[in-house]
Amino acid sequence: MNNSTTNAVVSAGAPAASSGGLTGWKDKLIDYVINHSGALVSAIIVIVVGLLAARWIGRTLDRWLERKAMEPPMRMLLVRIVKLLIFTFALVAALQTAGMDLTILIAGFSVAGVGVGLALQGVLGNLVAGLTIIFTKPFRVGEYIEIAGVSGQVKTVALFSTTLLHTDMSRVVIPNRKIVGDILHNFGSIRQLDLSVGVAYGTNLNQAVGIVREVLAKNARVLKEPIAVVGVTMLADCSINICVKPWVSVNDFVLAQTEINQSIAEQLRAANISIPFPQREVRLLQ
């Protein structure tokens, strides 16, 4: 009887002890806040000032680097590094002001960093690949590239991903680790159109080619250098095909095609040069 009563008393006292331990931590926390209220307020002020300073210095540095004509990826990287360093300095100063032991915090962050690094291998891989792209510069913002089965104009090169812009204004975001080590086709800032027009076999070819060259010379989107390629490319069943391959900037790629095709059709029609279409002659034999 006495043993059971003792066990009941011990069991009933366990939650009370646990509750008392929790209450003790709350009391210690409240006492710390009360005793170090001035230091905590100073620490908060230091963090706020650090954030504001990092933002202001980052904007100032970004404008200065932009005037120096530094490329956007490199400029973005330097600005972020400076802002991170300023905020880190402010955070350390705030912790010291609050009276915390930095040695214990550094040891804890070191242990936690190992686990975080293992969990974020893919993210860290993108970060390393982004730094590789920024420093080696295999392509630049504004250039047209084809990689990993997709193509588009490079809009941004960030630390973790690269964004491409399609001609239909859709965006493709590629993780940087998919870019480094893969085959890259860089078209640069200009592209070559691959157009063709067919004329009848009885057409004066010199006249037809001259009309096409004249159309290209009048189009403001066509670049003077490199020189456009114009000439007979195929003797087809129903027509003689003339290739039209001018160079244009990446931004003018779509509009230049429509303007050139329309102008060629109008000028050939004005010169009474027919553009044949596929046709078949059927004869009925008795």
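Leaving aside neighbours within four places in sequence, which residues is leucine 216 in contact with?

## Leucine 216 and the cores

Leucine 216 is in contact (heavy atoms within 4.5 Å) with Val222, Ala228, Val230, Val244, Pro246 and Ile260. The model is predicted: local features need pLDDT of at least 70, side-chain atom pairs count only at pLDDT 80 or more, and totals for chains, interfaces and linings use all residues. Residues are numbered from 1 along each chain as its sequence is written, and side-chain values use heavy atoms, without hydrogens and water.

The largest nonpolar core has 23 residues; Leu216, Ile260 and Ile264 touch the most other members. Such a core is a set of buried Ala, Val, Leu, Ile, Met, Phe, Trp, Tyr and Cys residues joined through side-chain atoms within 4.5 Å. Buried means under 20% relative accessible area, exposed over 50%, partly exposed in between (1.4 Å probe, protein chains only). Strand S7 (195–199), helix H6 (205–218), strand S9 (240–245) and helix H7 (253–270) each supply at least two residues of this core. Helices (H or I, at least four residues) and strands (E, at least two) are DSSP runs, numbered from the N terminus. H6 gives the most, with 6 residues. Another core lies apart, with 14 residues, including Ile145 and Leu164.

## Backbone features

Glutamate 225 and proline 226 are joined by a cis peptide bond, with omega about -5°. Proline 226 sits in the loop between H6 and strand S8 (229–235).

Methionine 169 has a positive phi, near 70°. Its loop runs between strand S3 (161–165) and strand S4 (171–175). Methionine 169 counts as exposed because its relative accessible area is 61%.
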